[in-house]
Amino acid sequence: MSPKTLYDKIWDAHLAHEAEDGTSLLYIDRHLVHEVTSPQAFEGLRMTGRKVRAPEKTIAVPDHNVPTTEGREDPAQMTEESRIQVAALDTNAKEFGVHYYPVSDVRQGIVHIVGPEQGWTLPGMTVVCGDSHTATHGAFGALAHGIGTSEVEHVLATQTLIQKKSKNMKVEITGKLMPGVTAKDITLAVIGETGTGGGTGYVIEYCGEAIRDLSMEGRMTVCNMAIEGGARAGLIAPDQTTYDYVNGRPHAPKGAQWEAALTWWKTLFTDEGAHFDKVVTLKGEDIQPVVTWGTSPEDVLPITGVVPNPEDFEGGKVEAARRSIEYMGLTPGQKLTDIEIDTVFIGSCTNGRIEDFRAVAEVVKGKKIKDGMRAMIVPGSGLVRLQAEEEGLADIFREAGFEWRLAGCSMCLAMNPDQLSEGERCAATSNRNFEGRQGYKGRTHLVSPAMAAAAALTGKLTDIREMM
Amino acid sequence: MDKFEKLTGIAAPMPLVNIDTDMIIPKVFLKSIQRTGFGVNLFDEMRYTRDGAEIADFVLNKPQYRSTEILVAGDNFGCGSSREHAPWAIADFGIKCVISTSFADIFFNNCFKNGILPIVLPQEQVDVLMADAEKGENARMTVDLEAQEITTSDGEVISFEVDSFKKHCLLEGLDDIGLTMEKAAAIDTFEAAAAQARPWV
């Protein structure tokens, strides 16, 4: 048998049907659902009299619209439209009988944090969700990608997805990371290298010593942003770190089932000599703490850099860079560490897990955020929030002047009341710096949690290494 | 879904690269639970001022491009979020074909589910079509899906590739779910075997 990549193996294990032209039906093990991209899909089922084929494999949770302030059970905290969307998910989850974590449930949170936390996401699975950051689940060695609402309806009705196989891409991070460099810096540095379209048509497998050394939280951060590099899915082969994270979670297998699962999971790696269509290698030691200066995640530079000149680019990127720099209110040649910020957002499916908050606490413990700074920390789930409180992190945040919020997507995409106002500038641990992403004419600089924490203290984009 | 056969219409140029789905339809408009009505907010933040007035120099606001049916766009069109509201907004505006050097995968797939034909061409050919689109309302391009050919206003013919299954579905206006349901037996068989092999799933 010819050697296979990890992606090949998972693909082959889920191929329910393949037509002569390669159009395939891929069986889906887990379908995650949130309130924004599902109402039209459920409505489609209703109009055609179709049922959810596998409600036991379907998990729903509201996250995009939900307020993150205390007392959010009060409907007055949401706009009428947000209320309708969340109510529609309530109704659909009940009517179609899928697993559901309502806003009132302590386990509620961002769908990509809840799935792994509850043990729904397991190695070797196929996982889809009407959300591009589904790539997150690839950290477990699960083939996970975002789908559109028509595909959500297709999966609900058939538990399969019509797919053509993607190409294989290997991203290897060799060696060790330097102090102050995190999973977020890895994933941004890779996008800086490949561009936002570099992964289009590929499934990425991240490997190498620096990836192996990451915790599950860090691996989720890396895979989360595979989509920002254009790849629908990012994968990391499961290992002991993965098994230790999964073991004992509510929906993880137990007893003999656990042993059987483990036996299969241990076969999930890329065979020696398997073919990759594209290979990118970065040295772990070369990666520095990074920050984005523009309005595309590929607009990334080491924090020690300066705002580039649009003329330094080629082709269509010249105009895009000019537009970005104008939108961001920056000047070519300006030092990145001279950029003043007024808002800090720490959270999201990229960096809203316990390890991220521990990193923040380490930086801000016993200190105060800069006067006038608006700084909020939004846990990725109710359980992350509880754990942070038990570990004393929440007290550190409050004492430093942060707002300590309830779980949700929050200011990552600002569909709830957490938004930037026109001209406000934010250091954010989220995943997109697009125009208007965090609020109309708001300006976003993507950074790691530690860098966001440092910026909250100094009021400027800051090299975390100078505070260590 | 409406069938896509042969389209002759006005093409508009949007040479900007990395046009993301937040630009195509900002999140404030994602709160509808319908599939229609998004066209008026297509490219909202580029198209209108904060108080709702049209921005005159935005391409789709120019008189000659108000009935655009074909968009010629910069590289990596549709990157970002998976929101199908983006192709819904494009279709609702009346655009049925988008041409670029590359598209983000999820957006690309979403187009086909909504009767929109996304066409990928090399840079030189996109440059030719971009220049043609710059001419305004007299530049009416023809996109013939059956023949897989685009004809510019000058009569230049450019052929394009399209996945055969997706082409078939667009030409016939087929519903994917109905097609897959015809393969229910294969899904049943797979599901039963998978439940044996991986009972923990």
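How far apart do the C-alpha centres of domain 1 of chain A and domain 3 of chain A lie? They lie 27 Å apart. This is a predicted model. Chain A meets chain B through a contact that takes 57 residues from chain A and 48 residues from chain B.

**Domains of chain A**
- Chain A is divided into domain 1 (6–165), domain 2 (167–239 + 270–286) and domain 3 (292–463).
- Domains 1 and 3 of chain A touch: 21 residues of domain 1 are in contact with 22 residues of domain 3.
- On the domain 1 side, helix α4 (residues 111–117) of chain A gives the largest share, four residues.
- That side of domain 1 of chain A divides into six nonpolar, ten polar and five charged residues.

**Where chain A touches chain B**
- Several elements of chain A each supply at least two residues of the side that touches chain B.
- Among them are the strands β1 (15–18), β2 (24–27) and β8 (160–163) of chain A.
- The helices of chain A include α2 (39–48), α3 (80–96), α5 (149–158), α10 (255–265) and α11 (316–328).
- The largest share, six residues, comes from α5(A).
- By class, this side of chain A has 21 nonpolar, 25 polar and eleven charged residues.

**Chain B**
- An unreviewed UniProt entry annotates residues 1–124 of chain B as "domain: Aconitase A/isopropylmalate dehydratase small subunit swivel".
- In the model, residues 1–124 of chain B are 22% helix and 19% strand.
- The end C-alpha atoms of residues 1–124 of chain B lie 33 Å apart.

Technical notes
Residues numbered from 1 in each chain as written. Chains lettered and ligands numbered in written order. Predicted model: local features only at pLDDT ≥ 70, side-chain atom pairs only at ≥ 80, totals over all residues. Contact = placed C-beta atoms within 7 Å. Nonpolar A, V, L, I, M, F, W, Y, C, P; charged D, E, K, R; others polar. Domains from an automatic or database assignment. UniProt positions renumbered as here; feature names shortened; annotations may be inferred.
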